Each structure stands twice: as structure tokens, then as C-alpha cells.
Amino acid sequence: MKKSIIWLLTVVMGITFCALLYFQITYLENMVKMREAQFTESAWRSIYGTVGLLERRETMHFLEQDIKMLNSYDNDGDENTSELLTSEELFPIPQPGKNPVISYRHPTEKLEKRYHELQEAILEQYVYQRGLLNEVILSILYDGARRPVLERADADTIRKVLTVELANNGLEVPFSFALTDNNTIVYSTPDYDPDKSEKQIYSARLFPNSNSRYDLKVEFPTKANYIYSSVRFVIPTLALTILLLAIFIFTMILAFRQKKIGEMKTDFINNMTHELKTPISTISLAAQMLNDDSVRKSPETLHHISEVINAESKRLRFQVEKVLQMSVFENSNSALNFTRVDANKIIASVVSTFKLKVERFGGSLSFINDADEAMIRVDEMQFTNVIFNLLDNAVKYRNEDVEPELTVRTTDVDGNRLRIQIRDNGIGMKKEDLKKIFEKFYRVHTGNRHDVKGFGLGLAYVHRMVTVFNGTITVESELGKGSEFTIELPLAED
């Protein structure tokens with residue numbers, strides 16, 4: 001699959017997942033806001049209902065003090081109203097022995113008299129009751145504040161009333177409350193938390209019409225559970241969407257990585273074919289020349305051909321060794337023979353062998369031994385290959401305009417580790433390449449160095465071996481100025 005198609009699918013799927021997450025989160029936020037608004041409205045309605053009921057009970061308390069006076073006055077009013085004209089007075093019954101002709105008295109004068117008396121009685125009753133109500137209101141305003149708050153609103157009454165009001169408004173949730181006097185708690189339920197923020201506490205003034213200074217503060221510990229209980233079914237879908245998005249991202253990363261590894265393997269096969277084909281072709285050509293009688297008769301030509309065959313055989317063996325390093329790379333812990341060796345002696349031997357190759361390009365290779373103790377526990381052959389690969393890379397990626405200068409230095413670190421530094425003045429590397437040079441099949445493509453053939457296994461093999469030896473390897477490089485590889489290995493115990 002082409003890289004552009006993979007990128008297109010990645011972008012489309014990414015936009016789809018992001019849109020899906022956006023709609024789900026928006027829906028969840030709207031549901032939570034709506035649920036919270038409903039809860040807040042019901043809570044305030046219940047609290048104000050409780051405050052109103054307590055205020056009505058306060059009014060009833062003062063009305064009960066004057067109930068006897070009202071009853072007394074009402075009885076007097078009933079006696080007055082009993083004096084109203086009866087039907088017998090208005091329409092008399094005929095008496096026996098009298099004139100059978102019925103005569104009627106005109107009731108107008110008596111009706112007017114009784115009507116005025118009734119008006120005066122009703123007016124008197126109205127004026128008295130109005131004065132009585134004014135006295136009750138004044139008692140509530142001035143005498144109510146002097147009553148103890150526990151008589152006006154005790155904890156049990158508030159709990160019962162608030163429970164009923166919450167149930168009537170559809171909120172059957174646990175609550176805690178406190179009665180405060182200018183932010184000083186008069187009493188509270190055991191589970192009331194005064195340290196909560198103002199947004200989590202509902203506060204209302206008790207007896208607001210009587211200049212009261214008491215506040216009723218209510219909090220709901222399970223408010224969040226109540227709000228999110230209605231949207232819990234959305235949370236699993238949101239989690240599944242995020243999981244699918246993570247799986248998709250991971251799959252895309254694997255796809256790009258596999259594609260990159262495929263390209264590296266293709267590059268590796270092409271390089272390996274070229275590296276193996278050249279010495280094989282040279283050996284094949286030399287073998288064909290040996291079939292010529294004139295060549296066999298010339299000792300000088302025969303000696304030259306034998307040197308060519310020997311050199312190309314060594315080159316071929318070296319390339320095969322590099323390919324075989326892949327098997328060691330894949331299973332490095334197998335077939336390793338750990339022994340206690342002197343790193344300085346091994347490095348000095350490799351430097352002595354490699355110095356001729358560096359001097360061929362007009363350069364120099366020096367070894368500085370500043371390590372008093374250099375006994376390490378490694379596989380001697382693999383450790384030798386590690387140093388050889390680093391030096392080979394330094395020569396391979398040398399700067400064509402500058403004579404190569406290579407330096408190998410060993411030093412002690414904290415008395416228990418050996419540091420090996422290999423520095424060159426080659427072409428160097430970019431910062432983005434430094435993060436990838438230890439990956440398998442990765443090859444640095446820099447300027448005209450792209451034509452240098454290799455398998456992309458050298459530094460990956462070095463990193464793997466150093467890790468197996470319980471060591472670390474780091475690199476510092478600057479493009480155009482060279483690189484420095486630093487290996488630290490633990491010293492072997494006596």
C-alpha cells in the first residue's frame with residue numbers, strides 16, 4: 001500500500017474519531033448541565049418551602065396566644081346578631097278569639113333600626129380584629145427575634161420538613177444542614193462539612209420578614225452521583241470510543257513502522273546483493289583467468305591473481321560475518337562466552353590492525369590509555385567486533401576533504417566502570433538521525449555518503465551487544481564536524 005493512501009486513511013479515520021468524541025462529550029456536558037439545573041431548582045424550591053413553612057409556624061405561634069380573645073369576641077358578636085328580626089315579627093301568626101281578618105304591621109322602621117345596629121356591630125368587630133392582627137404582626141416583628149432559635153426552628157423540625165419538601169420535589173437524596181448566626185454555626189448535623197465551597201452549599205435566610213440573622217445552609221454529599229447517574233450509560237460508550245481511537249493510533253504506528261522496516265529490509269537486500277556480488281564477480285573473473293595458459297606461465301601474473309583472490313575472499317568473508325551478526329543480534333544471549341578480559345589489550349590490538357587502513361587515507365589513529373583498571377566481563381570476540389564496527393564506521397563516513405583523525409580513549413568512572421570514547425572528524429550526523437542510528441536496518445543518508453554501501457546492522461549490533469554486557473552507549477555528533485561514541489561497561493570483580 002502506498003504511503004499516501006495510508007496517510008489519507010489515517011487523516012479520515014482521525015477526523016471521524018475526533019468528531020465522534022466531540023459529539024459524545026458535548027452531549028455528556030449538556031446532559032450534566034441540564035441535570036444539575038434540575039437538581040438546583042428542586043433544591044432551592046425545597047429549601048424555600050422549608051423556610052416558608054417555618055415562618056408560617058412562627059405566625060401560628062403568635063396567633064394562638066390571642067385565640068381565646070377572638071373566641072370571646074366572636075361569642076359577643078353572635079349574641080348581637082341574634083337580635084335580628086325573626087319571621088314571626090315580620091309575619092305574625094293569627095291568634096285565636098281575635099278578629100279573623102289578619103292585619104299586618106309595617107316592618108320598615110324596625111328593619112332600619114336593626115340594620116343600623118348590625119352595621120355598627122360588624123364595623124366594631126372589623127376594627128377590633130384589624131387591631132388584633134396588627135398586634136400579632138408587631139409581635140412577630142419585635143418579639144420573634146427575642147425567642148430562642150431552638151424554639152423557633154429546632155433541628156428535628158427542619159430535618160422532617162426538609163425531607164418532606166425534597167420528596168415532594170422529586171429529590172430523595174441524603175443531605176446535611178447547619179443553622180448559622182452571621183456565619184457562626186449554631187448547630188449542625190454530624191456529617192455537615194463547613195469547609196466546602198459556596199457553590200456546593202445552598203444557603204437561605206430564616207424568617208426573612210422579621211429581621212432575622214439566622215441562615216439555613218444545606219449541602220448534598222451525593223449530588224455528583226445523582227447528577228451523573230442519568231448519564232452513566234454515555235461514559236462506557238465514551239470509554240470504548242477512546243479505546244478504539246488508541247487502538248487505531250497504535251495500529252497506524254505499527255503500519256508505518258512495518259512499512260519503514262520493509263523499506264529498510266529492501267535496502268538491506270539491495271546493499272547485501274551489491275556487497276556480495278562484487279567480490280564473487282572478482283573471484284570468478286580471476287578463476288577464469290587461471291584457465292588461460294599464458295597466465296599460468298607467468299609467475300608474476302599468477303601471484304597477482306592469487307593476491308586478488310585472497311583479498312576478495314577476505315572481503316567476502318567479512319561481509320558474510322556482518323550478515324551472520326544478524327543472528328547474534330536476534331538471539332544475543334545464545335552462544336556467548338563471557339570471560340574476564342583486559343579491555344585495553346583488546347582495544348590496542350584492534351587499533352594496531354586498523355591503523356593501516358586509516359593511514360591508507362592519509363589519516364591517523366591513536367589510542368590513549370587513561371584507565372588504571374580495565375578488566376571487564378564480556379564475550380571477547382563480540383567485544384572486538386563492537387570496537388571494530390565503530391572504527392569501521394568512522395572510516396566509512398569520513399570527510400573527503402579532511403584527513404581522518406581517529407582517537408580511542410579509555411578512562412575510569414567512579415572506580416567501578418570503564419569508559420571507552422571513540423572520536424572522529426568525519427561528516428557527522430543530524431540531530432534527527434541520532435535518535436535512530438541504533439535501529440536495525442537504519443542507515444544515515446547524508447549528502448554524497450548515501451552511496452556508501454552497508455547493511456544498517458553495524459550500530460544496531462553494537463547497541464545490542466553493549467546492552468547484553470550490562471553497559472550503555474551514547475553518541476554526540478555535529479554535522480560536518482564529526483562524532484563521538486561513548487561506551488560505559490561495569491568492571492569485572494576479582
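Reply: The buried residues of helix H14 are Gly-458, Leu-459, Ala-460, Tyr-461, Val-462, Met-465, Val-466 and Val-468, where buried stands for under 20% relative accessible area, exposed for over 50% and partly exposed for what lies in between, computed with a 1.4 Å probe and counting protein chains only. The model is a predicted one, in which local features need pLDDT of at least 70 and side-chain atom pairs count only at pLDDT 80 or more, while totals for chains, interfaces and linings use all residues. Residues are numbered from 1 along each chain as its sequence is written, and side-chain values use heavy atoms, with hydrogens and water left out.

Because 8 of the 11 residues of H14 (residues 458-468) are buried, this helix is largely enclosed by the rest of the structure. Helices (H or I, at least four residues) and strands (E, at least two) are DSSP runs, numbered from the N terminus. Just after H14, Asn-470 takes a positive phi of about 65°.

Turning to the sheet, 5 strands form an open arrangement with mixed pairing, in the order S6-S8-S9-S11-S10, two strands being counted as paired if DSSP finds at least two bridges between them. Strand S6 (364-370) and strand S10 (472-478) are the edge strands, each pairing on one side only. On average, neighbouring strands of this sheet are turned by 15° against each other, direction ignored; axes here are lines fitted to C-alpha atoms, for helices over the stretch in contact, and angles run from 0 to 180 degrees between N-to-C directions.

S6 and strand S8 (residues 405-413) run parallel and are joined by 7 bridges, and the bridge partner of Leu-365 in S8 is Leu-406. Thr-411 also lies in S8, and with a relative accessibility of 16% Thr-411 counts as buried. Leaving aside neighbours within four places in sequence, Thr-411 is in contact (heavy atoms within 4.5 Å) with Asp-370, Ala-371, Arg-417, Leu-418 and Arg-419.

Helix H11 (residues 343-360) lies across S6, S8 and strand S9 (417-423), and runs at about 165° to S6. Helix H12 (residues 380-396) lies across S6, S8, S9 and strand S11 (482-490), and runs at about 25° to S9.
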